[in-house]
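Let's take a friendly tour of a protein model. Have a look at it first, and then we'll go through it together.

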Amino acid sequence: MGASILAKSKQIEAQIHYENKEPLRALESFENLVKMVIKGANKESKDKAIARYAASVFSLIETTQSNPELAVGKLNELLIELEDWKKSVLGNCNDLLCDLKFRQSNIRYDIIKAIAYFYLGEYKRNISPEEAQLNYANAAELLENPGEIDPREVGLTSDPLRRKERIRILYNLSVIYHRLGDIDLYQKKWKEANELAYEFRLDEESFWLTHLKLQNALDDSSNSSKVLLKKFSYPTSNSPA
């Protein structure tokens with residue numbers, strides 16, 4: 001009971017920092033919260049703590065683009081925490097089947113990891129292009145089918161992701177493939193996302209997809225990356241709540 005109260009208090013503290021636009025202090029609080037719940041809390045508490053921690057990392061990155069060392073360090077710490085989360089669930093089971101079962105029951109693991117890889121690619125892009133491309137490729141692999149869900153379930157009631165989330169994943173994939181220079185796959189994913197957004201009358205998603213296409217046309221001529229990085233964050237991370 002005492003640990004639960006302490007975790008709740010830490011969560012409230014982190015949320016206050018987040019709402020007060022104090023991203024570094026919010027992140028520090030969420031880091032402490034994750035360390036508190038990762039081993040002893042139930043699945044729902046772990047999931048929420050990890051999601052909020054990840055969102056605070058991405059929020060910090062978006063506000064500290066002038067400090068790449070801090071950003072890269074926090075992204076690498078996030079990747080480590082994700083692996084610690086998986087290990088805390090799997091215990092001594094290290095085979096591929098256990099790994100698959102974890103990813104299937106914790107679909108956010110793949111999505112958060114992919115976003116972290118994307119941002120690492122952004123920061124490595126002008127320093128080490130080969131390393132950046134590897135990070136983009138890792139992100140794309142994870143987002144192609146988060147949790148290795150049976151493709152026949154996608155879009156059905158058994159699909160663990162909502163339609164909006166599926167569209168946002170396609171949006172993100174189009175961004176990543178554009179970064180990788182695969183224009184065919186970029187256009188394919190953009191078209192799939194746009195058709196779904198139109199079919200389900202999701203105006204906000206349609207707006208961002210239209211904006212993305214325009215922005216990419218501008219980026220191709222100016223090699224700008226700042227706006228694309230900002231827009232990538234839109235469909236991926238949920239604000240801590």
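Which residues have the most contacts inside the largest nonpolar core?

## The core

They are Val57, Phe58, Ile61, Leu75, Leu78 and Leu82, and the core they belong to has 60 residues. Helix H6 (residues 107–124) gives this core its largest share, 12 residues. A nonpolar core here is a set of buried Ala, Val, Leu, Ile, Met, Phe, Trp, Tyr and Cys residues joined through side-chain atoms within 4.5 Å. Buried means under 20% relative accessible area, exposed over 50%, and partly exposed in between (1.4 Å probe, protein chains only). Helices are DSSP runs (H or I, at least four residues), numbered from the N terminus.

## How the model is read

This is a predicted model: local features need pLDDT of at least 70, side-chain atom pairs count only at pLDDT 80 or more, and totals for chains, interfaces and linings use all residues. Residues are numbered from 1 along each chain as its sequence is written, and side-chain values use heavy atoms, with hydrogens and water left out.

## Salt bridges

The structure holds 18 salt bridges, each a side-chain nitrogen of Lys or Arg within 4 Å of a carboxyl oxygen of Asp or Glu. In one of them, Glu44 pairs with Lys48, with the closest N and O atoms 3.3 Å apart. These two are four residues apart in helix H3 (residues 43–63), so about one helical turn separates them.

Arg103 forms a salt bridge with Asp110 at 2.8 Å, and both residues are buried. Arg103 also meets Glu148 in a salt bridge (3.3 Å, N to O). Glu148 lies in the loop between helix H7 (129–144) and helix H8 (163–180), and Arg103 in helix H5 (residues 96–105), so this pair ties together parts 45 residues apart in sequence.
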